[in-house]
Each structure stands twice: as structure tokens, then as C-alpha cells.
Amino acid sequence: MAKVFIYPSTSLILSDLVARYGHTPLSSAVAIRERIQTAGFESPPLQITPEEPKKGLKWAAVEVPSGVRGRMALYGPMIGECEAAIIINDADLAFGCMGCARTNELITFLVRQKDIPKLDLYYPKNEEEGVKFVAAIKRFLTGLGEGK
Amino acid sequence: MTPPVRIAQLSCGPEYSGVQQEIYIAAKEVNGEIFYPDVALKDVLRDFDIFGLDVRSPDLKLAIARAKALVEGRVDADAVFIATCFRCAEGAIVRNELRHYIHENSKLPVVSYSFTERTTSGTLLTRMEALTTIARRRALLAREAQQGITLGLDSGSATTKAVVMKDNKIIGTGWQPTIEVLKSAQDVISHALEEADIKRNEVQAVGTTGYGRFLVGKEINADLIQEELTVNSKGAVFLADRQHGPATVIDIGGMDNKAISVMDGIPGTFTMGGICAGASGRFLEMTSKRLGVEITELGPLAMKGFAGRVPMNSYCIVFGTQSLVNALATGSTREDVAAAACHSVAEQVFEQQLQEVDIKEPVLMVGGTSLIEGLVFAMGELLQTKIVVPPYSQYIGAVGSALLASGFIRDD
Amino acid sequence: MTDYKPALVGSVTKYVVVESFDVTPADLAARAYEISKGAMIKETCFGLVINGKEDEVDRIIAELRKIDPDHIFIKDRGFPPGDSRRCRANLGGARPGYHGMEYEMTVIPYVSHGLEVLKNNDGTRIAAPENPLMRRILDISRLKKIIDTEEP
């Protein structure tokens with residue numbers, strides 16, 4: 001099983017297809033779950049404390065807004081460990097964890113820098129595109145083999 | 001218990017900056033309740049399109065749709081809190097435009113704020129308190145005349161002020177630098193009562209404001225303990241006799257500055273800044289010390305100088321003082337330096353805060369710094385308008401408190 | 001600062017979303033209750049939220065998928081079902097992630113169709129979809145060249 005970074009990381013479709021074809025999707029939910037299930041100081045709603053934007057300094061400088069750095073503390077480690085990535089290029093309506101365009105630009109840039117198999121797509125807009133979309137993802141994921 | 005004031009939050013980033021909790025705490029402290037206006041995806045798509053500000057961040061699109069739902073009355077709220085990340089250009093544009101849009105198209109009080117991961121509930125508290133006051137106490141804020149005998153006390157970060165009012169007139173005042181909060185308060189109260197020839201037990205109601213309002217308010221058993229944003233707005237329009245229609249109130253304080261857009265004496269939008277002391281009264285105090293003059297002489301001195309001759313940027317009080325020393329060392333006149341210091345403070349308030357409120361005439365300058373005529377002149381130049389400094393402007397908070405406190409006089 | 005004591009540590013939560021003419025969230029819930037050995041199951045307007053030990057959740061999900069494999073979609077969730085920090089009743093409005101899901105629900109019928117077609121097809125002979133990275137605006141001089149080389 002390969003660890004596959006999905007973009008948008010909140011995507012139900014990508015999360016499902018990656019798992020369906022036998023790999024592990026790396027999604028926002030898993031990063032949030034880690035925080036929700038770790039003891040520390042109370043910081044609702046996401047248990048992201050002011051320490052997270054500081055951790056985010058690893059990926060973005062101090063003059064970058066705190067919201068970008070806090071989000072990067074979620075995604076940076078995932079980008080580090082992913083072995084493949086599927087990127088939907090017209091994901092303009094993914095909110096919350098994917099709600100900041102600047103973070104999203106940085107995420108896709110960092111993923112593209114990595115020397116790993118990548119698949120770039122658009123969301124399908126009709127049934128015909130749906131078939132091509134699923135087929136491309138199936139081929140890509142099957143081609144990853146067993147992963148590391 | 002009174003139901004909480006429902007504050008709609010329009011934001012991008014606080015949950016990911018670790019400061020959402022601070023927003024919740026500040027709101028709760030003043031019996032406010034944060035909520036997110038409910039919209040559906042189709043509303044987001046339609047309203048974002050109609051609003052016409054083509055931003056990329058989905059959470060900002062959501063904020064725009066939520067703002068429209070509030071303005072069009074599809075979602076009920078008592079007040080609006082707009083927050084985006086500090087240093088985000090896209091966020092700042094949306095924050096400004098939404099503030100303006102809501103202010104122009106609804107009666108909802110709005111405060112906007114740009115946070116960092118270091119923002120605390122303490123910083124947000126005064127803003128939240130003002131929001132909830134405006135929403136909850138419209139009747140109290142509608143008061144236009146002072147009645148009976150009341151005392152107002154403003155326990156500020158730099159100075160403590162008191163006034164005694166009787167039948168809509170100021171009959172006694174007291175002023176001194178804040179040293180020990182309670183002692184300074186007692187001293188100025190005694191002075192004001194003495195000047196008014198009124199005994200403490202003749203006072204029918206008491207109001208407090210300023211940084212020390214809670215501490216002093218508890219000690220002297222105040223009827224009204226109120227933040228300075230609403231109190232100063234009220235005091236300013238009362239003293240300037242501009243109780244009806246729009247007005248803009250600027251108060252450059254010892255530690256932070258307030259810019260308030262007022263309609264009929266009630267704040268609509270406001271900002272409070274205080275990241276750096278370089279844009280505050282404190283810097284002018286340091287300037288006068290360095291120039292060897294009393295703070296009261298700084299204004300007249302500045303009026304004789306020309307700011308353009310001295311390069312100065314007091315974004316930071318340390319660098320500001322450095323430019324001041326450099327200028328004097330290279331032969332600049334004290335007059336020019338005084339003028340430059342005034343211009344620098346005015347310019348920063350103009351750049352950092354006045355952009356966040358809608359400037360409408362008359363522009364009223366209040367607080368101790370409004371007595372520094374060089375500063376008022378510099379602000380007038382920047383705003384291209386004649387600034388009004390009402391009488392007793394340094395007592396603005398105390399007057400506002402005394403005026404509003406008269407709403408608490410019991411008939412018995 | 002208040003201490004935070006997490007609940008349900010070590011558990012996982014997953015969304016089971018159904019977009020089908022034949023199967024309703026209630027059908028899924030009935031089946032899930034039937035086979036569950038202690039997992040927490042909550043029915044929602046789009047399907048289910050299931051919380052429990054990872055193995056148990058995975059086992060239930062594998063069974064549920066069989067009901068209508070091309071129309072049931074699964075993803076992880078950070079919060080357990082009904083968590084007040086994400087609940088619409090407490091927030092006043094939907095959590096932001098909900099709108100993202102609302103959007104994908106408009107696309108899912110095409111994906112379902114794709115899955116149906118791909119069921120008995122290894123997909124190797126299906127054309128690739130448009131590659132976003134290959135989309136280039138045609139250079140104006142190149143366009144002129146094409147026009148010029150066109151035979152009258």
C-alpha cells in the first residue's frame with residue numbers, strides 16, 4: 001500500500017478511490033484526528049494551538065500569515081511522507097482545511113517538487129469524463145504496485 | 001439572565017492560527033455568543049458572484065456569502081465580527097470591503113480585526129464589549145442629555161480623569177497621571193467633587209471607563225462600567241453638539257488609538273490599534289521630554305515648525321526616538337522636530353486605522369492628545385478637513401461615563 | 001489555559017456517503033446496526049458516520065460497500081459523530097467542510113457512472129482525461145502560422 005497525498009485533502013471522491021484501489025489516502029481528517037485525540041491545552045474547534053503556526057515556520061517564513069503556517073503544520077508532514085499524489089486542479093470549492101488559497105498554492109508547489117508519481121486531473125463534468133476520470137485514477141493507483 | 005448577544009463571525013484562518021478559542025473566550029466574557037451564519041453551497045456560489053470581489057480563497061468566498069445573508073436578513077444577528085490573518089492581502093481586502101458593505105447596508109455594529117497566533121482574548125475583549133454594548137444597550141446609548149448629579153471616571157493607561165456633571169453641565173473636573181490605579185482615581189474624584197462643591201453622597205450615579213474601569217468600578221461601586229469605545233463616542237458627540245447624523249471620532253491615547261465611525265451617537269464600525277507605541281501619545285510624551293518642553297508646549301512648538309524638513313518614521317517608538325535624536329544632532333530645529341513627531345503619529349494612525357473606518361465629517365479629535373495642536377493640525381492636513389476638538393476633550397471618557405450613568409439614576 | 005482531555009482516543013471515524021436511487025441512509029444504518037459489534041453508528045442526511053476501533057470500522061465498511069459498491073463512498077473524519085465542536089446546532093451554521101462535500105456530491109454521479117463502466121473493464125483502453133498541466137494557450141505567432149499554412 002502506498003501513501004497517496006490527495007488534493008483537495010478533504011476530498012471524499014479521492015479519499016474513497018485511493019482506499020478502494022488498495023492504497024492509503026493522506027487526508028486532512030487524519031491530521032485533525034491526531035490533534036483531537038492528543039492531550040494538551042484546550043484550543044477548540046480543531047485543537048490547533050498557537051504552537052502550530054510556529055511549527056509551520058518549517059515550511060513558510062514568519063511574514064507568512066499565521067493561518068497559512070498553521071495549515072502547513074497539518075500538511076507539511078503529509079507532503080513529507082507521501083509516496084504518490086493525485087491533484088485535482090479545479091478544486092476551487094474546498095473549504096475549511098483547504099479554505100486558504102495561499103496555503104493551497106504552497107501545498108501543490110511542494111508536492112510538485114517531489115520526485116514521486118503524480119496524477120493531475122480536473123473534476124469530471126459529465127458521464128463520459130467520469131469514466132475517463134475513474135479509469136485514469138485506477139490505472140495510476142494500480143501502477144503504484146504495493147508501495148513501500 | 002439576559003440572552004447572549006449573537007455575534008456573527010466572518011473569518012478566514014482563526015481556527016488554523018490557534019486563536020479561535022480566544023475569540024470564544026472574549027465573546028463569552030461579555031455575554032456574547034459567536035456563531036457562523038448558515039448558508040448553503042448554492043448561496044456561496046450565487047452571492048460570491050453577485051458581490052463581485054473575485055478572491056481565490058474559498059473561506060473568504062464563504063465569508064462574503066455569510067455577509068450577504070446577514071445584510072439581506074436571511075440570518076439574524078445582533079453584531080458582526082470580521083477577522084482575517086494579519087499580513088494576508090487577500091484577507092485584508094475582503095475584511096475591509098465586508099466591513100464597509102455591512103456598515104452601509106445594515107444597522108449591525110461591526111468590528112474587524114487582523115490576528116496573529118499571538119492574539120489573546122484580552123486584546124479582543126474591549127472590542128467585543130463595545131460590540132455587545134451597542135447591540136444590547138441601544139436605549140442607553142440613545143441618551144442625549146445628562147440629568148441629576150453624576151460622576152464619570154476614566155481610568156486610562158496614561159492618565160486618570162474625573163468629571164462631575166449636574167443638569168447637563170460639567171461642574172467639576174480632576175486630572176492626574178495614572179500611578180496607582182485606585183489612588184489616582186480617588187484623588188481625581190476628590191478634586192472634581194471639591195471643584196463642583198458636591199459631596200460624594202449627593203452623587204446619584206457613577207460610571208467608569210478606561211483600562212482600569214473594572215477595578216475602579218468595583219471599588220467605587222459604579223452603576224455603569226463601560227469600555228471606552230462607546231463611552232468616548234457618546235462623550236465626543238455630546239461635547240461637540242453633533243448628536244445627530246454621522247461623525248468620526250479619533251482618540252489617540254497613551255497606549256492605543258481608537259477610530260470610530262459614529263451615527264447618531266452610536267458607533268457603527270470602529271478599530272482599536274496598539275501594536276506599537278510609536279503611533280501613540282506615549283511617543284509625543286517622549287518627544288517633549290527629549291526636546292525639554294512640557295507636553296502642553298509641544299503643540300505650539302510644532303505649529304512653528306515644518307514637518308517635511310525632518311525625516312521621521314515612528315512605526316516603532318525606539319526607531320522613532322532614534323530619528324528624533326539624529327535630527328537634532330544634525331542641526332534640525334526643535335520646532336521642525338516637534339512638527340515631524342506630530343506628523344509621524346498622525347500619519348500612522350491615518351495609515352493603520354483610519355483606513356478601517358469610513359471617515360465622515362465632522363471629524364472629532366478627543367482625548368489628551370487632542371490638546372496638542374500640532375497633532376490636530378497634522379491630522380487635518382492628512383484628512384483634508386477641519387478637525388473639531390470639542391471643549392473638555394481631554395475628559396471625553398469621563399464625560400461620556402457621567403452622561404450615560406445618568407440613565408441609572410433611580411427615581412426613589 | 002485549560003487542559004484538554006481527549007475522548008475516544010485510538011478510535012477512527014469514517015463517513016459513509018450514499019448517492020443512490022436504490023439505497024437510502026436508513027437502509028445502510030439498518031445493515032450497519034445488524035453487523036456492528038460495538039461501533040458507534042449515526043445516520044445523517046447523506047449516509048452514516050461510524051466510530052470505533054479501526055478494524056471494526058473497516059469490517060463494517062467492507063460489508064456496507066457490498067450493498068451498492070458504485071454508489072457508496074467513504075472518507076475519514078477527524079471528529080467523532082455528534083461532536084459539539086463541529087455540530088451545526090452549536091456553530092449556528094454548517095462546518096466549512098460540509099460545503100466542500102456539498103460540491104463533490106454534484107460530481108459524484110459521474111464518478112459512480114465511471115465505476116459502473118470500469119467494473120468489467122481494466123481501463124487500459126479508455127482515453128486519458130484532459131491533463132491540466134498540458135493546457136497551454138496557443139501562441140499568437142503559432143496561430144498565425146497555422147492560418148498561413150492553411151490551403152485556400
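Here is a short walk through this structure, from the overall model to a sheet, a chain contact and a helix pair.

This is a predicted model, in which local features need pLDDT of at least 70, side-chain atom pairs count only at pLDDT 80 or more, and totals for chains, interfaces and linings use all residues. Residues are numbered from 1 along each chain as its sequence is written, while chains are lettered from A and ligands numbered from 1 in the order in which they are written. The model scores ipTM 0.96 and pTM 0.88.

Let's begin with chain A. Its open sheet has four strands in the order S2-S1-S4-S5, with parallel pairing (strands are DSSP runs of E, at least two residues, and helices runs of H or I, at least four, numbered from the N terminus; two strands pair if DSSP finds at least two bridges between them). S2 (24-26) and S5 (118-121) of chain A each have a single partner strand, so one side of each is left without a neighbour in the sheet. Three bridges join S1 (residues 3-7) of chain A to S2(A), and Phe5(A) has Leu26(A) as its bridge partner in S2(A).

Next, look at where two chains meet: 22 residues of chain B are in contact with 26 residues of chain A (contact means C-beta atoms, placed from the backbone, within 7 Å). H1 (14-17), H2 (20-29) and H4 of chain B each supply at least two residues of the side touching chain A.

Finally, within chain B, the axes of H3 (residues 41-51) and H4 (residues 58-71) come within 8 Å and cross at roughly 85 degrees (axes are lines fitted to C-alpha atoms, for helices over the stretch in contact, and angles run from 0 to 180 degrees between N-to-C directions). H3(B) and H4(B) are therefore roughly perpendicular to each other (65 to 115 degrees).

Technical notes. Angles under 35 degrees count as roughly parallel, over 145 as roughly antiparallel, 65 to 115 as roughly perpendicular and the rest as oblique.
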